[in-house]
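Keep the sequence and the structure in view while reading.

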Amino acid sequence: MDDERRPRRAGPVERPGAVGGKRDLNRRKRVQDLIDAGLSLFLERGIEAVTIDEVAREAGMAKGNFYRYFRDKADLVEAVIEPVAQTTRAALAECHEQLSEANGHDEAVTAYGTLGNRLMGALAMHPDAMCLYLQERRAPATTARQAISDLAKELDDRAVAISKAGADREFVSVSDPRVSALAVLGAVEALALASVRNQIQLDPVETTKRLISVVLEGLRRERR
């Protein structure tokens, strides 16, 4: 995939017209129709198995109209997961900042607790997009999955940075922050995916408590 990597999504090709005007509102609706259609098909059959023809047909438009709003399927995938990407990036960045500036164990616990709440907020608001990200993030890297692969690497790196910050401040004691971070992240992702697939019966509030407890229990043990 490295030879095929390209800049991030350029956005709609069609000029949107005046913000809030009829042309702009129509464009937004068509873009959202394509996003909804793509998400539904990707969840059902996987990203690689779905064609642009099928997405356009599911959205009730001709294939040619697809290219007025997206360059290709990779652009569409990026648009589908963008709400999840924005929320998770912001949550991890905020936790890292809070943890780096924490004055004592209680503030470290608060930082991790806030992270859990933010992530579960994303899960509750965007369950289908989160499910797509989680089920595709460990699939082979392809051009169509570029946005998911890039986000997965970024979140892995941010999780490691958070673990290292906690270790550097002696809030936790781990021999290798990377191993610790990826182990916790893997457990969190598995629980979140099982939740959105309804394989386990946890509402967002209960899921939040379970995920937060994974890290906080470790902090409490270290404190003792």
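Start with L34. Apart from its neighbours within four places in sequence, L34 is in contact with V55, A56, A59, M61, F66, Y69, F70 and L76. The model is a predicted one, and every value below is computed from it.

As a general point, nonpolar side chains in soluble globular proteins tend to be buried together.

Helix 6 can be looked at on its own. Its buried residues are A129, M130, C131, L132, Y133, L134 and E136. Since seven of the ten residues of helix 6 are buried, this helix is largely enclosed by the rest of the structure.

Next comes I162, which is placed in helix 7. With a relative accessible area of 4%, I162 falls under the 20% limit and therefore counts as buried. Leaving aside neighbours within four places in sequence, I162 is in contact with L92, C95, H96, L99 and Y112. I162 and Y112 are 50 residues apart in sequence, yet their C-alpha atoms are 9.5 Å apart in space.

The charged pairs remain. Eleven salt bridges are found in the whole structure. One of them joins D75 to R71, with the closest N and O atoms 3.0 Å apart. D75 is buried, at 0% relative accessible area, whereas R71 is partly exposed, at 32%.

Another salt bridge joins R89 to E154, and here the closest N and O atoms are 2.9 Å apart. R89 lies in helix 4 and E154 in helix 7, so this pair ties together parts that are 65 residues apart in sequence. E154 also forms a salt bridge with R158, at 3.1 Å between the closest N and O atoms. R158 and E154 are four residues apart in helix 7, so about one helical turn separates them. In an α-helix there are 3.6 residues a turn, so residues three or four places apart point the same way. Both residues are partly exposed, E154 at 22% relative accessibility and R158 at 29%. Together, R89, E154 and R158 are linked in a network of salt bridges.

Terms used
Residues are numbered from 1 along each chain as its sequence is written. This is a predicted model: local features need pLDDT of at least 70, side-chain atom pairs count only at pLDDT 80 or more; totals for chains, interfaces and linings use all residues. Side-chain values use heavy atoms; hydrogens and water are left out. Contact means heavy atoms within 4.5 Å. Buried means under 20% relative accessible area, exposed over 50%, partly exposed in between (1.4 Å probe, protein chains only). Helices (H or I, at least four residues) and strands (E, at least two) are DSSP runs, numbered from the N terminus. A salt bridge is a side-chain nitrogen of Lys or Arg within 4 Å of a carboxyl oxygen of Asp or Glu.
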